[in-house]
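This report describes selected features of a predicted model. Please consult the sequence and the structure shown here while reading.

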Amino acid sequence: MVIARLTRVQSSRELVQDTLFDHRNEIVSLLSSYVAQGKKILHPHHLLDGLAEILGENDELQNLREGPFGDVLRSTQEAIILPPWVVLAVRPRPGVWEYVRVNVDELAVEQLSVAEYLEFKENLVNGSVKDSYVLELDLEPFNASFPRPTQPSSIGSGVQFLNRHLSSRLFHDKDTMHPLLDFLRAHSYRGQKLMLNERIQSLPKLRSALVKAEEHLNKSPLNTPYMEFEHKLQEMGLEKGWGDNVEHVLEMIHLLLEILQAPDPSTLETFLGRIPMVFNVVILSPHGYFGQANVLGMPDTGGQVVYILDQVRALEKEMLLRIKRQGLDITPEIIVVTRLIPEAYGTTCNQRIERISGTQYSRILRVPFKTDKGVLRNWVSRFDVWPYLERFSEDVLNEINAELKGQADLIIGNYSDGNLVASLIANKQGITQCNIAHALEKTKYPDSDLYWKNFEEKYHFSCQFTADIMAMNHADFIITSTYQEIAGSKDTVGQYESHTAFTLPGHYRVVHGIDVFDPKFNIVSPGADMQIYFPYTEKQNRLTALHRSIEELLFSPEQTAEHMGALNDHKKPIIFSMARLDRVKNMTGLVEWFAKNRRLRELVNLVVVAGDFDPSKSKDREEVAEIEKMHTLIKEYNLNGQFRWICAQKNRVRNGELYRYICDTRGAFVQPALYEAFGLTVVEAMTCGLPTFATSNGGPAEIIVDGVSGFHIDPYHGDYASECIADFFERCKTEPSYWDKISNAGLQRIYERYTWQIYSERLMTLAGVYGFWKYVSKLERRETRRYLEMFYTLKYRDLVKTVPLAAEEITDGIEEKSTK
């Protein structure tokens with residue numbers, strides 16, 4: 001009989017130590033080559049290139065590459081070189097980090113703690129200057145006893161884990177059901193009792209009432225309306241909220257009876273998701289030009305605005321359905337809070353209230369940024385908003401309390417500024433808080449934490465990273481569009497994961513910031529508005545009336561303020577891309593790939609929708625640089641005749657038909673971003689049936705199954721990316737059905753995973769579940785929040801003082817226009 005033995009997994013330090021013993025010469029040569037480069041940070045490709053150079057073509061040494069040491073090196077996300085030291089930050093799997101230091105002179109290997117590693121890293125900036133009293137932010141002690149999964153595959157499934165763990169803990173015997181009873185008894189809305197009344201004081205009475213109600217309802221047809229048996233249920237102790245008819249009330253009663261008899265996490269989640277808890281929602285998005293028309297493409301204004309407006313429409317629809325099903329006569333309200341900008345440049349951003357089209361009870365509420373001198377009149381970059389947010393949060397709190405005639409049930413922050421304001425408001429009122437990052441800037445700008453001073457004048461990252469770490473720890477739950485946003489992939493670090501540990505030399509170290517295994521993380525992917533974005537094959541819904549203006553946009557030889565360049569051959573397929581014109585979106589990178597690939601230029605035309613042509617019209621620093629680069633590329637590669645540059649298009653309805661028109665040319669969509677948190681334009685294009693090539697860095701890598709429903713491209717290897725696109729069009733020429741195959745597979749992928757209906761159902765369920773656990777457990781993490789309050793007061797407020805206020809004329813008045 002063979003007896004299985006458990007073996008201990010070796011640490012990275014042990015693996016390096018063992019390899020050093022077995023391959024002394026090769027490891028010394030490799031590490032010495034790193035040290036010879038001097039004091040610096042080496043990234044993964046530097047490390048692996050160095051290994052390949054040392055091993056060369058020697059077959060006998062290939063086991064070193066494929067063995068344990070090779071695994072360590074492939075898992076290393078960065079190496080700090082401070083001769084004679086090489087320090088490796090090793091990530092064996094998502095969310096798990098180890099730090100190993102090797103002295104190349106003495107061949108000594110040792111493990112470092114997080115704090116020791118960050119201190120060592122700071123030497124790249126501070127030199128040999130050592131401060132024994134650096135402020136360290138450590139949130140681990142507050143979370144040490146809190147349940148969390150341990151497997152990377154469980155990351156992003158927080159609510160499922162939480163229900164499994166806490167249902168077993170809270171409901172391990174019948175006597176511990178009281179928290180659920182207390183929650184149902186306390187439930188009310190603006191003085192109106194819901195679920196249970198004072199007749200039910202104990203669990204036995206609750207069970208008895210449920211059984212009696214079940215017996216009574218079983219005598220009536222399933223479609224019997226609630227009002228016909230309302231008084232009978234009230235006599236038993238059951239108030240409104242169970243359902244609008246016999247069928248729905250019985251479903252709720254059966255769910256609760258199952259929980260009381262044999263608690264099951266799935267049943268618990270279903271029950272909690274159906275309890276009426278969320279009627280008023282506040283959504284925060286302060287920066288940019290937030291409006292419904294004529295704003296897309298303006299500075300700091302893009303996918304986030306589209307996301308929120310689509311989110312609101314889907315969320316209101318779901319809330320109305322649930323409230324009706326719950327048998328309640330309550331009007332839900334959703335308020336999107338943004339900044340009022342007096343100098344609105346033809347938009348509605350100077351109007352205090354604006355109804356959201358496609359909804360009944362949702363609106364935009366705009367609140368101005370103020371200083372002691374009055375109202376700020378002009379747009380301010382998202383990187384410069386920090387001095388205004390504290391006062392803004394106080395004004396917003398007063399405004400929403402007045403608008404709602406009470407407080408919200410759920411507050412949702414968006415991006416760094418919105419999440420900070422949401423945290424300040426939720427902290428004051430005890431509201432359930434949800435955060436949506438959209439994009440965390442730290443991963444967009446490599447080493448922007450360590451070398452924050454180099455970025456400070458332009459970006460003020462010291463404020464932003466501090467706001468991010470506070471807001472993500474304050475939130476009750478966080479939703480992301482993809483797994484990669486949280487924990488990256490096998491080879492890349494996630495946006496949130498990059499905040500696990502980092503240092504801002506001269507300010508503080510984060511030794512335990514956010515834990516990606518925290519059950520607050522949940523993946524809830526959005527979709528595209530299917531009233532606007534639908535397949536090109538739905539001929540009956542096509543907006544053919546727009547085709548003349550679209551053809552003018554694409555093919556008119558006239559050079560205007562809206563389009564420049566020309567497409568000489570109108571029969572060619574079109575490569576299409578649409579994004580803001582900034583460095584990370586990499587639109588100029590796409591143009592350069594196309595310009596350099598002769599084969600691709602012969603096969604297709606290129607059309608990009610991005611920014612403006614005139615740099616003097618932009619106030620955005622990055623956009624100005626990209627505009628100038630675009631003009632240079634057009635001239636340098638003589639692109640006229642094969643390339644069309646269209647300025648930012650703000651009409652979403654026409655944009656939807658534009659996607660479909662590109663389908664008619666048998667073209668493709670390309671999303672070339674250096675990093676993309678989600679990729680809403682990817683979903684839009686695929687929803688219209690357009691074959692899509694998208695960055696492998698970030699969310700699109702999850703949206704697209706490479707080679708099946710689209711294609712991944714590496715934006716850092718443009719030559720290879722352009723060849724992949726050319727190969728696709730070459731194949732489509734000889735095998736026309738291949739285009740249809742990719743198009744149809746993309747549509748199938750969208751219908752399975754990326755719709756707003758799926759999103760809104762999930763978000764409402766999460767709000768209910770986390771609201772319940774916040775009530776009955778210590779999930780509100782009071783100790784953490786007090787710690788964060790102190791950090792906000794003592795550190796963040798001082799950092800904000802270093803950000804200059806906008807240099808402009810201040811006014812005391814604002815326009816009181818309204819479209820309400």
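**Setting of R654**

R654 is located in helix α24, which comprises residues 652–664. The relative accessible area of R654 is 16%; the limit for a buried residue is under 20%, and R654 is therefore classed as buried.

Which residues does R654 touch, when those up to four places away in sequence are not counted? The contacts of R654 are L546, S549, I550, L553, E562 and Q649.

**The five-stranded sheet**

Five strands form an open sheet in the order β1-β2-β3-β4-β5, and their pairing is antiparallel. From one strand to the next, the twist averages 20°.

In general, the strands of a sheet pair through backbone hydrogen bonds, in either a parallel or an antiparallel manner. Here, strand β4 (residues 96–103) runs antiparallel to β5 and is joined to β5 by five bridges. Within this pairing, A108 in β5 is the residue that N103 stands opposite.

**Helices on the sheet**

Helix α1, formed by residues 12–22, lies across β3 (85–93), β4 and β5. The direction of helix α1 is at about 175° to that of β5.

Helix α3 (residues 44–55) also packs on the sheet, where it touches β1 and β2 (76–82). The directions of helix α3 and β2 make an angle of about 80°.

How values were computed:
Residues are numbered from 1 along each chain as its sequence is written. This is a predicted model: local features need pLDDT of at least 70, side-chain atom pairs count only at pLDDT 80 or more; totals for chains, interfaces and linings use all residues. Side-chain values use heavy atoms; hydrogens and water are left out. Two strands pair if DSSP finds at least two bridges between them. Helices (H or I, at least four residues) and strands (E, at least two) are DSSP runs, numbered from the N terminus. Axes are lines fitted to C-alpha atoms, for helices over the stretch in contact, and angles run from 0 to 180 degrees between N-to-C directions. Contact means heavy atoms within 4.5 Å. Buried means under 20% relative accessible area, exposed over 50%, partly exposed in between (1.4 Å probe, protein chains only).
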